[in-house]
Amino acid sequence: MKVNIEQHQNEKDVFVSVSGEIDAYTAPKLREELLPLTEGNNKVITVNLKDVSYMDSTGLGVFVGMFKQLTKNEGELKLVELSERMKRLFAITGLSHIMSISDNAEDVGR
Amino acid sequence: MKNVMDYIEMKIPAKPEYVGVIRLTISGIASNMGYTYEQIEDIKIAVSEACTNAVQHAYPEGESGEVIVGFGIYEDKLETMVADSGQSFNFIQKKEELGPYTESTTVDQLSEGGLGLYLIETLMDEVRVSNTSGVSVFMVKYLSEERENHDKAASDHETY
């Protein structure tokens with residue numbers, strides 16, 4: 001059980017793909033790699049969750065942390081290609097009302 | 001009321017790397033019992049959240065401990081208890097000692113466990129939490145269709 005993170009970025013935009021399971025064991029690694037990306041103003045980070053096979057509140061915590069940090073610095077967090085399961089997790093916790101989530105890669109509107 | 005039960009108990013070190021092992025186990029048990037894919041995923045999250053709470057809050061930094069997970073397998077439901085006292089327990093006795101899950105308990109527990117306990121409560125049909133001699137989380141998921149309206153969010157996805 002592990003999590004993999006791939007990223008590439010240009011001046012302003014960062015693209016991250018996460019795969020694997022996000023739980024109490026792997027979330028700290030994810031936080032460690034993703035949170036530093038939120039530093040700086042007006043950053044736009046797009047996180048692709050297509051290949052995440054499991055996630056619970058520990059993973060939600062990582063993305064909430066990123067969301068808070070980016071919002072503070074007038075940046076933006078976009079979570080894209082969420083599976084039905086993943087969308088449901090954001091829906092039942094109420095996070096889908098405040099965060100930008102999408103089930104496809106192109107349309108990242110709310 | 002059906003009283004026939006098979007019982008499985010696992011003891012894991014209170015370390016985050018073992019939460020996934022419990023998840024694999026409960027996935028196997030729930031699959032054997034005939035739960036749908038959606039239900040199994042819900043159970044996996046709820047039980048993982050309880051284990052995560054136990055692993056993260058039960059023992060101070062640097063102190064080792066154990067988490068006990070008991071699975072009560074019935075014809076019509078799966079009962080799971082996660083206890084961080086590290087002591088084996090009498091499953092039946094322990095579950096009878098637990099009081100009803102009240103509104104005040106919910107608020108207290110939510111402030112402690114954040115989204116985790118909220119998810120447990122949302123994804124399972126019955127949840128009880130005990131704070132005597134460590135923390136025990138007892139949760140039930142029913143197999144039969146009519147009980148699924150307990151979990152309205154889930155029922156939207158039950159297409160089986």
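From the N terminus on, the elements of chain B follow the order β-α-α-β-β-α-α-α-β-β-α, which comes to six helices and five strands; helices (H or I, at least four residues) and strands (E, at least two) are DSSP runs, numbered from the N terminus. The model is predicted: local features need pLDDT of at least 70 and side-chain atom pairs count only at pLDDT 80 or more, while totals for chains, interfaces and linings use all residues. Residues are numbered from 1 along each chain as its sequence is written, and chains are lettered from A and ligands numbered from 1 in the order in which they are written.

The model has an ipTM of 0.89 and a pTM of 0.82. For chain B the mean pLDDT (the predictor's confidence in each residue, from 0 to 100) is 78, with 69% of the residues at 70 or more. Confidence in chain B is highest in helix 1 (residues 19-33), at a mean of 97, and lowest in helix 4 (residues 103-113), at 40. Over residues 99-113 of chain B, pLDDT stays under 50, and the model has 12 contacts beyond four places in sequence for them; two residues are in contact if their C-beta atoms, placed from the backbone, lie within 7 Å. Residues 147-160 of chain B also stay under 50, with 20 contacts beyond four places in sequence. Where pLDDT is low, the predicted coordinates should not be read in detail.

Of the 160 residues of chain B, 36% count as buried. A residue is buried if 20 or more other C-beta atoms lie within 10 Å of its own, exposed if 12 or fewer, and partly exposed in between, with C-beta atoms placed from the backbone. Among contacts in chain B between residues at least 6 apart in sequence, 64% join residues at least 24 apart.

Chain A has three helices and five strands, in the sequence pattern β-β-α-β-α-β-α-β. Of its 110 residues, 38% count as buried. The C-alpha atoms of chain A fill a box of roughly 30 × 25 × 20 Å along the principal axes. The radius of gyration of chain A is 13 Å, which agrees with the value near 13 Å for a compact globule of 110 residues; the radius is taken over C-alpha atoms, and the globule rule is 2.2 Å times the number of residues to the power 0.38.

In chain A, strand 2 and strand 3 (residues 44-55) run parallel and are joined by nine bridges; strands pair if DSSP finds at least two bridges between them. A:I22 has A:M55 in strand 3 as its bridge partner. The chain crosses from strand 2 through helix 1 to strand 3 of chain A in a right-handed β-α-β crossover, that is, with the strands pointing away from the viewer, the path from the first strand over the helix to the second runs clockwise. Strand 3 of chain A also pairs in the parallel sense with strand 4 (residues 76-80), over five bridges, and A:I45 stands opposite A:L77 in strand 4. The crossover from strand 3 through helix 2 to strand 4 of chain A is a right-handed β-α-β crossover.

Helix 1 (residues 27-34) of chain A has the buried residues A:A27, A:L30 and A:L34. These residues lie on the same side of helix 1 of chain A because they cover an arc of only 60° around the axis, the arc being that of the directions from the helix axis to the C-beta atoms. An α-helix has 3.6 residues a turn, so residues three or four places apart point the same way. What covers the buried residues of helix 1 of chain A includes strand 1 (3-9), strand 2 (13-22) and helix 2 (57-72) of chain A. The face of helix 1 of chain A turned away from the buried side carries the exposed residues A:P28 and A:E32.
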